[in-house]
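The sequence and the structure are shown first.

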Amino acid sequence: MLRIHFTAQDLEYVRIARSSDPLWEIVCSVCRLQTDEGRLAFGPWRRAVAPLLRGGGGGGGREGGGERAGGSGAGRAVAVALRSLMPCGPYIPDFLTPAVDGGIADLRQGVDRVLATPRSRLRREFTLLAESGAGAFVGPGARPGARAARLRPFAAERLARGDAEALRALGGLLTAYDAKFVAPYRPWIDAAVASDVAWRSRELAAGGTRALLETFRPMARWSPPVLEVTYPVDRDLHLAGRGLLLVPSYFCWRKPITLFDGDLPPVLVYPVEKPVQLPAASGASLARLLGPTRAALLYEVAARGCATTSELALAVGCSLPNTCQQLAILREAGLAACRKEGRCVLHHPTPLGRQLLEESGAGSSERPLPVPRPATVSPW
């Protein structure tokens, strides 16, 4: 159990990141490659990246692994090298997921912060990695009771010394992994995260801090002034006026996670709901969208960010049954998505839906389409 202790000042500085953090997605997805957990949620992604993990040239424990990003078997080499630094176990070095002011990050900014990690911190965290027994892995599909293989952490001694060449190689590994294993699936990641942020922001607007924190049940329980989080170890985290950044993650699984070092800026990375299969829009589906009612509904969904079926029906002056039918077509085309929350169904736009509106001029300067922004929680 993780117990996060809030003060009144902390409640004034709880934020929701507007998007997923690329480095946290790398870390969590590397962990998802090490086990078969979440077969339904991650099965389509694992099958899609499986060809990258086959072929020769493993080389994960070699100090020059980052230089092979363009060669044969590069995908497997990159994944194995990062897997040696990101074991799905008790400890992953915190420097791999540096804090970003405002909860808004891009990959380049994150990698630059990784490369700027002080040497003293690198030494400390690589010592912790060694003491945690990291390096033993059982890959997906292994038989029960199979013996774990051990991997030597990538360039561990050189990274611990702050060697500039080793750090650049690590930056290359992070960038190459994102390009091969994460970036091609960014539309679905962004859609799932946008849905989550829109829903939690709606709950915040309607019910304040308590309503927001209650959205994390059953993986967390708000028992003022403590948020009790399902966690693999027993731990207390005192925010002490620093607030808390809530970071949605596509590849996080079942339980929220946080940094090992309680003195670092507090974050809580939590899993978002994921589609059972990766959606795809076809030309035939998009052709069915032509018509004033569906266009109006798509615009309203995007303009509101998150809305119920009844709200959309009222906005476009359409009957509830017809609204449901038209929204189903939008979902089929991959332009909108929905989630059930209690007795309501909340609809939100997908990145493809927003792109279509922007390219058609519907998101012009007269009434620009909103982009989800970080929410600041206040108890007042």
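How many of the 12 residues of H4 are buried? The model is a predicted one, and in it 11 of the 12 residues of H4 are buried, so that the helix is mostly covered. Among the buried residues of H4 are Ala74, Gly75 and Ala77, and the list also includes Arg83 and Ser84. Helix H4 comprises residues 74-85 and spans 17 Å from its first C-alpha to its last, close to the 16 Å expected at 1.5 Å a residue.

**Aromatic pairs**

The count of aromatic pairs comes to 11. Two of these pairs are set out below.

| Pair | Distance between ring centres | Angle between planes | Class |
|---|---|---|---|
| Phe216 and Tyr270 | 4.9 Å | 85° | edge-to-face |
| Tyr250 and Phe251 | 5.1 Å | 75° | edge-to-face |

The angle of 85° between the planes of Phe216 and Tyr270 is the reason why this pair is classed as edge-to-face, since planes over 60 degrees apart fall in that class. Phe216 belongs to the loop between helix H9 (186-214) and strand E5 (220-223), whereas Tyr270 belongs to strand E9 (residues 267-271); the pair therefore ties together parts that are 54 residues apart in sequence. With a relative accessibility of 2%, Phe216 counts as buried, and Tyr270, at 0%, counts as buried as well.

Tyr250 and Phe251 are both buried. These two residues also form one aromatic cluster with Phe42, Trp45 and Trp253.

**Charges over rings**

Phe216 has a further contact: the charged end of Arg200 sits over its ring, 4.2 Å from the ring centre. In another such arrangement, Arg339 lies over the face of Trp199, at a distance of 3.9 Å from the ring centre.

**The largest pocket**

The largest pocket holds about 840 Å³ of space. It is lined by 32 residues, of which Gly89, Pro90, Tyr231, Pro232 and Ile257 are the closest to its centre. Which helix supplies the largest share of this lining? That share, 5 residues, comes from H2. Helix H2 (22-32) and helix H6 (119-131) each contribute at least two residues to the lining. In terms of residue class, the lining of the largest pocket consists of 21 nonpolar, 4 polar and 7 charged residues.

Terms used
Residues numbered from 1 in each chain as written. Predicted model: local features only at pLDDT ≥ 70, side-chain atom pairs only at ≥ 80, totals over all residues. Heavy atoms only, no water. Phe/Tyr/Trp six-rings, centres within 6.5 Å; stacked < 30°, edge-to-face > 60°. Helix = DSSP H or I, 4+ residues; strand = E, 2+ residues; numbered from the N terminus. Buried < 20%, exposed > 50% of the residue type's maximum accessible area, 1.4 Å probe, protein only. Lys NZ or Arg CZ within 6 Å of the ring centre and 35° of its normal. 1 Å grid on protein atoms, 1.4 Å probe; cavity = no way out; pocket = protein on both sides within 12 Å on 5 of 7 lines; lining within 4 Å. Points joined across faces, edges and corners; volume = space filled by probe spheres on them. Nonpolar A, V, L, I, M, F, W, Y, C, P; charged D, E, K, R; others polar. Expected span 1.5 Å × (residues − 1).
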